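Here is a friendly walk through some helices of a protein chain. Please have the viewer open as you read.

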Amino acid sequence: MRREDACWFRKRNYLHFDSPIGFAKAEQLVTNPQKVSQHSFYPLISYSIDSVKISKDKATKNIQKKPKKRPISYPSHKDGHIYSYYSKIIAQRYEEEIKKAQISESVLAFRQLGKSNIDFAKEAFDTIKRMGDCSVVALDITAFFDTLDHKILKEKWSKTLGINSLPEDHYSIYKSITKFSIVSKERLYEELGISKNNPKKNRHRLCSPSEFREKVRKKVLVKTNKTGKGIPQGTPISALLSNIYMIDFDTLMQEAVSEQGGKYFRYCDDMLFITPVQCRDEVAGFVQSEINKLELSIQPTKTERRTFITTPTGQQSDKPLQYLGFTFDGERILIRSSSLSRYSRKVKGGVKLAKSTMKKRNKERIDKGMPEESIYKKKLYERYSHLGKTNFITYGHRAASKMNSIHIRRQLKPLWKRLQEEIEKKEKQRPKS
């Protein structure tokens with residue numbers, strides 16, 4: 001196998017319990033089922049990404065901000081290569097199965113479709129437009145990855161491979177991903193005396209095997225999942241397994257909705273059902289009963305039921321539908337207001353950081369007898385304006401173009417001026433003594 005043909009292989013230069021390995025050694029490991037079946041998987045290292053969830057209170061109409069933690073786990077180098085390679089193998093079988101079941105257009109996430117959320121949202125909104133009078137049910141699975149039942153996952157995994165029970169190599173991976181172990185990155189670095197700012201200094205791995213036994217295992221830093229439910233988010237195989245878990249459900253939903261002349265879409269834990277108006281409540285009840293069979297549950301607060309009707313002036317909805325970061329009311333497609341608020345917070349934080357950085361640089365310049373400089377704007381423009389290549393604004397313009405939405409363009413138009421005003425405001429602020 002040539003390295004350029006091995007899409008499963010990528011360099012992993014982060015610090016972990018083992019050292020990075022090259023392509024040749026990785027290939028020798030992942031292509032040998034016996035080695036994989038006997039492989040000892042290291043614990044995952046975990047950390048959380050902090051964010052703020054913005055919502056509107058239905059009673060008071062007040063904007064609420066709630067802190068939200070998104071857990072991320074990443075595997076050791078060898079483990080990561082195994083997960084990637086087997087994910088590629090299983091994905092081929094999965095794609096064959098969903099093509100046979102005719103649900104390829106319904107399952108949107110974690111597949112190489114060459115499309116983005118913009119395309120998926122547009123397809124859903126176009127379907128609603130074509131149907132005219134219709135209802136939409138949007139449902140969200142509660143704590144999706146955390147509640148996947150291990151027995152059901154094992155059954156679906158075997159079924160996807162076309163066999164009754166998992167081979168030893170697949171079973172070894174199954175055990176590692178269900179009875180997974182996790183170590184907190186923060187506690188680990190503290191125990192090993194590793195700097196958070198410069199962790200790679202003179203290191204190619206976090207610790208030796210003996211240090212791992214003495215300082216990590218013996219000090220009970222390793223936490224093992226013994227609940228019988230849940231797989232970690234962040235490994236190269238987790239997303240695929242979540243799709244495999246849902247394959248029979250997806251098939252059943254697509255068949256049921258198609259019989260009514262509707263359409264079913266699932267993006268990870270986010271499900272959308274477009275049906276004739278009279279079928280709306282029936283569909284919602286059917287979904288609830290079937291999702292329970294998978295030992296999963298629907299999140300009531302995220303459930304939306306919308307009805308679209310055709311009027312002499314065009315299509316209208318009783319309330320705008322929110323889907324994949326956009327809203328649609330039958331006529332207008334808009335970017336969600338919470339996404340715009342999140343962008344504004346990031347702009348303020350980014351400009352504040354740029355001001356702080358420039359303050360430190362100017363202190364050094366003054367000490368050297370050099371004149372002070374203004375905030376560096378190039379990076380701010382790259383991150384927060386149309387002058388960048390991949391940021392929220394360029395994403396918004398791409399959405400406006402693909403969806404032919406003048407309303408999104410109007411949402412984006414004032415943001416350049418607001419960025420300039422935020423920079424100007426920070427530049428005018430007098431430094432605190």
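The notes below look at one helix and its surroundings, then at a pair of helices.

## About the model

This is a predicted model, where local features need pLDDT of at least 70, side-chain atom pairs count only at pLDDT 80 or more, and totals for chains, interfaces and linings use all residues. Residues are numbered from 1 along each chain as its sequence is written, and side-chain values use heavy atoms, leaving out hydrogens and water.

Let's start with H11, which covers residues 280-293. Helices (H or I, at least four residues) and strands (E, at least two) are DSSP runs numbered from the N terminus. From first C-alpha to last, the 14 residues of H11 reach 21 Å, close to the 20 Å expected at 1.5 Å a residue (1.5 Å times one less than the number of residues).

Which residues of H11 are buried? They are Val-283, Ala-284, Val-287, Glu-290 and Ile-291 (buried means under 20% relative accessible area, exposed over 50%, with a 1.4 Å probe and protein chains only). Down the axis of H11, these buried residues fall within an arc of 140 degrees, so they line one face of the helix (the arc is taken from the directions from the helix axis to the C-beta atoms). On the other side, Glu-282 and Lys-293 are exposed.

The cover over the buried residues of H11 includes strands E3 (134-140), E7 (270-275) and E8 (304-311), along with helix H10 (247-259). After H11 comes Glu-295, with a positive phi near 60 degrees.

## Where H1 meets H3

In H1, Ala-26, Leu-29 and Val-30 meet Lys-78, His-81, Ile-82, Tyr-85 and Tyr-86 of H3 (contact means heavy atoms within 4.5 Å).
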